[in-house]
Amino acid sequence: QVHLLESGGGSVQPGGSLKLSCNASMYTEGEIACIGWFRQSPGKEREAVATLKRGNSNDNYRDSVEGRFTISQDYPKKIVYLQMNDLRPEDTAMYYCAAKPWSASCFFAALAGEYVDWGRGTQVTVSS
C-alpha cells in the first residue's frame, strides 16, 4: 500500500515556480522521521533534492537547488511541501517523495539510498 501521495507538478516556463505537496497522513505519528524529495529524469539516476526531519524541521538541499527550492511542512497534517522557484530546464524530472524512520541525518540517508517508502511521483516540466 502506498502511503505517500505527491501532487502539484506541471509545466512551467524557465524562471517559473511550482509548489509540490507530499501527503503522508496515512502514517501514524512518530512512524517516520524523515521526508525527502527526489527526482529522476529519463536516462539519469534518481537524485536526492531536499530532505526534512519532521521533529525539528531541519532541512538540507542538493547544491544545484540551494537557494531556489525550499522544503517545509505542515506538521499536524503530515504534509511536506517543496517550493520550487526560478525553475530551469534541467529541473525537469519526475519528482518523488519518500519517507524513512529515524535517522541521524535525513540527507545522508537520502544519498545512501536508505529511504524505504515511496510515492508514485509527480511530473515537473520546465520548458519555453
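Colleague: Is T28 buried or exposed?
Modeller: This is a predicted model, where local features need pLDDT of at least 70, side-chain atom pairs count only at pLDDT 80 or more, and totals for chains, interfaces and linings use all residues. Residues are numbered from 1 along each chain as its sequence is written, and side-chain values use heavy atoms, with hydrogens and water left out. Buried means under 20% relative accessible area, exposed over 50%, partly exposed in between (1.4 Å probe, protein chains only). The relative accessible area of T28 is 52%, so T28 is exposed.

Colleague: Where is T28 found?
Modeller: Helices (H or I, at least four residues) and strands (E, at least two) are DSSP runs, numbered from the N terminus. T28 is in the loop between β3 (18-23) and β4 (34-40).

Colleague: How far apart in space are T28 and D117, C-alpha to C-alpha?
Modeller: In sequence they are 89 residues apart. In space, C-alpha to C-alpha, the separation is 14 Å.

Colleague: Why does R39 count as buried?
Modeller: R39 lies in strand β4. It counts as buried because its relative accessibility is 5%.

Colleague: Which side chains make polar contacts with the side chain of R39?
Modeller: A polar contact is a pair of N or O atoms within 3.5 Å; within protein, one must be able to donate a hydrogen and the other to accept it, and residues adjacent in sequence count only if both atoms are side-chain atoms. Another, at 2.9 Å, is with the side chain of D91.

Colleague: What is the phi of K78?
Modeller: K78 lies in the loop between β7 (69-74) and β8 (79-84). At 15% relative accessibility, it counts as buried. Most residues other than glycine have a negative phi. K78 is not a glycine, yet its phi is positive, about 55 degrees.

Colleague: And what is the phi of S57?
Modeller: S57 sits in the loop between β5 (47-53) and β6 (59-61). It is partly exposed, at 38% relative accessibility. Again not a glycine, S57 has a positive phi of about 60 degrees.

Colleague: How many strands are in the protein chain?
Modeller: The order from the N terminus is β-β-β-β-β-β-β-β-β-α-β-β. That is one helix, and the strands number 11.

Colleague: What is the radius of gyration of the protein chain?
Modeller: The radius is taken over C-alpha atoms, and the globule rule is 2.2 Å times the number of residues to the power 0.38. For 128 residues the rule gives 14 Å. The chain comes close to that, so it is as compact as a globular protein of that length, with a radius of gyration of 13 Å.
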